[in-house]
Amino acid sequence: MDTSSASSASGSSASAGPNGAGAGSGGSGARPVLEAPDIARVLTRIAHEIVERAKGAEDVVLLGIPTRGVFLARRLAAKLEEITGRTIPVGSLDITMYRDDLRMRPARALARTDIPADGVDGRLVVLVDDVLFSGRTIRAALDALGDIGRPRAVQLAVLVDRGHRELPIRADYVGKNLPTSLRETVKVQLAEEDGRDTVLLGTERTAPAGGR
């Protein structure tokens, strides 16, 4: 996830940052903005949009950004298979060593990079993440992907876009556009990691130190 103040979904930690996805309470007075049925609906919509824009999704490869982006990618792959009747390659892409804040943050455990057997060369790669914030996580993902292969195109699908971009990056598929202030937290919880599906909007007691 592109997070900036809670722990991190895309940083493979269980909690989330101000941006964030995580298993915490979502900050002070957190309230749900998406529940399980909403998340299921937006993933179904995104899957249909991918099929339409990719003209059948015949060469689509889904790569989730750990942690919660991987679970979302797997769910999208299942929905695409229901729509197209074909198995959709799905994997994960760890961006830890490509982050531009390695020197400023504590050491992180490496997550798993799992590229489908046929690779990504000449394919349409759809990166999947839970929250898009500053854009720095996605920049790191593009750098990591460039070291793996040469897709014909790269697109981005996110569950939540909370704004506040610091880089010229935008999502091609968005589950929910959620206007936020920098003092607010966005925490994504998914059943595979957190025991339930929800997106929580809360408020940090202190302003976030940086963005993802």
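Which residue of E7 stands opposite Leu 124? It is Ala 153. Strands here are DSSP runs of E, at least two residues long, and helices are runs of H or I of at least four, each numbered from the N terminus.

Some ground rules. This is a predicted model, where local features need pLDDT of at least 70, side-chain atom pairs count only at pLDDT 80 or more, and totals for chains, interfaces and linings use all residues. Residues are numbered from 1 along each chain as its sequence is written, and side-chain values use heavy atoms, with hydrogens and water left out.

Confidence next. pLDDT is the predictor's per-residue confidence, from 0 to 100. The chain average is 86, and 82% of the residues reach at least 70. Residues 3-19 stay under 50, yet the model gives them 98 contacts beyond four places in sequence. A contact means heavy atoms within 4.5 Å. Residues 207-211 are also below 50, with 14 contacts beyond near neighbours in sequence. Where pLDDT is low, the predicted coordinates should not be read in detail.

Now the layout. The chain has four helices and 10 strands. Along the sequence they read β-β-β-α-β-α-β-β-α-β-β-β-α-β.

The sheet I want to show you is open. Five strands are ordered E5-E4-E6-E7-E8, with parallel pairing. Two strands pair if DSSP finds at least two bridges between them. E5 (90-92) and E8 (173-177) are at the edges with a single partner strand each, so one side of each has no neighbour in the sheet. Neighbouring strands are turned by 25° on average, direction ignored.

Look at E7, residues 153-161. Eight parallel bridges pair it with E6. Four bridges join E7 to E8, also running parallel. Asp 161 stands opposite Asn 177 in E8. Seven of the nine residues of E7 are buried, meaning under 20% relative accessible area with a 1.4 Å probe, protein chains only.

What lies across the sheet? Helix H3 (136-146) touches E4, E6 and E7, and makes about 155° with E6. Those angles run from 0 to 180 degrees between N-to-C directions, with axes fitted to C-alpha atoms, for helices over the stretch in contact.

One side-chain detail to finish. The charged end of Arg 162 sits over the ring of Phe 133, 4.1 Å from its centre. The rule asks for NZ of Lys or CZ of Arg within 6 Å of the ring centre and within 35 degrees of the ring normal.

Key
Buried means under 20% relative accessible area, exposed over 50%, partly exposed in between (1.4 Å probe, protein chains only).
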